[in-house]
Amino acid sequence: MGSDLLELVDVEAGYGRAALVLRGLTVRVPPASVVCLVGPNGAGKSTALKVASGMLPPRAGRVLLDGQDITHHRPQRMLTAGLSHVLQGHSVFKEMTVGENVLLGAYTMRDKAAIAERVAFVKDLFPVVAQRWTALAGALSGGQQKQVEFARSLMVSPRVVLLDEPSMGLDPKATSTVFEQVVRMREAGTAVLMVEQNARRALETADFGCVLDLGRVHISGPAADLLADRRLGELYLGNRRTDPSSA
Ligand SMILES: Nc1ncnc2c1ncn2[C@@H]1O[C@H](COP(=O)(O)OP(=O)(O)OP(=O)(O)O)[C@@H](O)[C@H]1O
Ligand SMILES: [Mg+2]
């Protein structure tokens, strides 16, 4: 195995006694890259992220971070190892301030100087976080709240951020901002494993893409190749069969 930062290898996982959701899933995230998982509802995209962050122990297969086997580490240990997970849906505490929400991301950190340095970093990366630091998070728009979540996830200086449907429920302008922020995270050296319904926009942002179906990777490769793939265009990207320009 090469120099991938995060690897899910032959992962099998599911919930309780129900049938397996992931059936031999392999996904690789190179350093400082954006990898996007796309696929239909229920394909197992969120489940894959839960396995990666230790929320759901797999029944088989391995999770490797920088070549180290972290498969059965608990979520807190995954976080300290450098994996931060932004869950599907909104998850800011609306009755707390933006600053308090962001600082929740530093709960495993002891060094006050390091915390102050990260606060400065996320304020620089997300201007709205700096501008609204003392405002109640619930007073922000959905897109602004998403940036508060991103800022919180970056407090621990993660090596990989797992983003589950970051554009869910956002209008087109806020969606654009979210994807721009994903690019800035990568530029800042953080790798991103992202799940998106908005497959076209996500693949335009990503370096690599994986299409999940029935719990395993159906098609994968450089994001630009997937965008140009006719089968994928018809199934997931809204390309019309009758549109000659998509041929
Ligand atoms: N906590 C849970 N308990 C039991 N079954 C679950 C649980 N979470 C997900 N599942 C099941 O696992 C399968 C995959 O779900 P998952 O949330 O990973 O899909 P997804 O690809 O993220 O879908 P979506 O696009 O709708 O978010 C589904 O059949 C779902 O019903
Ligand atoms: Mg999901």
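Analyst: The account below begins with the basis of the description and then turns to the ligand.

This is a predicted model, in which local features need pLDDT of at least 70, side-chain atom pairs count only at pLDDT 80 or more, and totals for chains, interfaces and linings use all residues. Residues are numbered from 1 along each chain as its sequence is written, chains are lettered from A and ligands numbered from 1 in the order in which they are written, and side-chain values use heavy atoms, with hydrogens and water left out.

The pLDDT is the predictor's confidence in each residue, from 0 to 100. Its mean over the protein chain is 90, and 93% of the residues reach 70 or more.

Around ligand 1 there are 14 residues, of which Gly42, Lys45, Ser46, Thr47 and Gln197 come nearest; a residue is near if one of its heavy atoms lies within 4 Å of the molecule. This shell consists of four nonpolar, seven polar and three charged residues. Here Ala, Val, Leu, Ile, Met, Phe, Trp, Tyr, Cys and Pro count as nonpolar, Asp, Glu, Lys and Arg as charged, and the others, Gly among them, as polar.

Several polar contacts (pairs of N or O atoms within 3.5 Å) can be described. A polar backbone atom of Gly44 is 3.0 Å from an oxygen atom of ligand 1. For Lys45, an N or O atom in the side chain is 2.8 Å from an oxygen atom of the ligand. In Ser46, a polar side-chain atom lies 2.8 Å from a ligand oxygen atom. On its own, ligand 1 has 630 Å² of accessible area, and the protein covers 59% of this; such areas come from the Shrake-Rupley method with a 1.4 Å probe.

Technical notes. Polar contact = N/O pair within 3.5 Å; in protein donor to acceptor, adjacent residues only side chain to side chain.
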